[in-house]
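Here's a quick tour for anyone meeting this structure for the first time. Take a look at the model below, and then we'll walk through a few spots.

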Amino acid sequence: MLVLKSNACLLSLVALLMPGAAPAQQDQSAKSQTNAATIEQAQSLLSAGKIDAAIRMLTTIPRSEANEAQMSHLLGLAYYQKADYARTVEHLSFAVGRVPEDNLQYRQDVQMLGLSHYLLGHIQEAIPYLEKVKSWAPDNVEMAYTLGISYIQTHSPDKAREAFARMFSVSPGSASAYLINAQMMIRQQFEEFAEKELQKALEIDPKLPQANFLLGEMAIYRADLERGIALLLKEIAINPGFAMAYYMLGEAYTRQLNWDAAIGPLQKSIWLNPFFSGPYIVLGRVYLKKGDPTNAESMLRRAIRMDPNNFSGHHLLAQVLQQSNRVEEAKKEFELADRLRTSSEKKQ
């Protein structure tokens, strides 16, 4: 009888508890449905470009184990679209470890993390993410470029060459790969590494176009004019239709104050490529120094028509006009040149 009474009491207790359990479960289910609907609204706002509204909405949703990965992903995506890369990294670093690697969201998060770290200057941190993206999308040119630049920034020239070789569909051990790698290094101001790449390129192919030009250009910028001129003459012998080689050769001669020697290369550069303002400006300076204001003005006005905001062109033209006693015209050009220089300095 005692057992029966105990069972009866237990059944009574269960009966008393059951009615209260159903409303609690229903309430939790309703909250989950509301949160899911809010997340969906936030996604729609993001798709419509209403990023701030989406962020405000997402920050009102209570976090739970069920939604935290998606919430962090969406906030990371929102901040990425706002170019707030620090917050992007904060949210996506949390999200990426909480979804399977074969998930589309994981791949999106990894790509955004790689690019965000890169844009923040966290190059070392960016590389593992960029390498993962490369393994999924080997033909993605933007990611290959970003990875290659990251390798340059972290002093890994061999890896950079492999990345750019794949990007430009050349063999990593070819002269072309070394040349391309050097060009990218020069753009990143890693001239010391670039010079080694160019020397290797010429070992593989002594007649490779542009390699001597780049070496010559670097020598001229370092004021090693004799070596620069010799390298440019080598380039011209290999690649006689290359306008930039003549332009740099003319520039080198002007730095030696050898005005007469500069004229021929600069004219050839213009004849090969009449749409680049650089040689017109240098030739204008040459004619100014030689006391030929008519030809100087002609060259500089042609340069300015092509490049109206070129400070050097306007400043040199002002000097030519001043030399020709055209005082008012010279004054206007000097004023314009000063405005352009000030504007350029503000942008830097």
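Helix 5 (104-119) and helix 7 (141-153) are among the elements that cover the buried residues of helix 6. Keep in mind that this is a predicted model. Which residues of helix 6 are buried? They are Ile123, Ala126, Ile127, Tyr129, Leu130 and Val133. An α-helix has 3.6 residues a turn, so residues three or four places apart point the same way.

Ala219 sits in helix 11, which runs over residues 211-221, while Ala261 belongs to helix 14, residues 259-272. Is Ala219 buried or exposed? Its relative accessibility is 0%, so Ala219 counts as buried. Ala261, with a relative accessible area of 26%, is partly exposed, because buried would need a value under 20%.

What does Ala219 touch, leaving aside residues up to four places away in sequence? Its contacts there are Asp224, Arg227 and Gly228.

| Pair | Separation along the chain | C-alpha distance |
|---|---|---|
| Ala219 and Leu231 | 12 residues | 8.7 Å |
| Ala261 and Val286 | 25 residues | 10.0 Å |

So much for the alanines; back in helix 6, Tyr129 and Leu130 are two of the buried residues to look for in the view.

Methods:
Residues are numbered from 1 along each chain as its sequence is written. This is a predicted model: local features need pLDDT of at least 70, side-chain atom pairs count only at pLDDT 80 or more; totals for chains, interfaces and linings use all residues. Side-chain values use heavy atoms; hydrogens and water are left out. Helices (H or I, at least four residues) and strands (E, at least two) are DSSP runs, numbered from the N terminus. Buried means under 20% relative accessible area, exposed over 50%, partly exposed in between (1.4 Å probe, protein chains only). Contact means heavy atoms within 4.5 Å.
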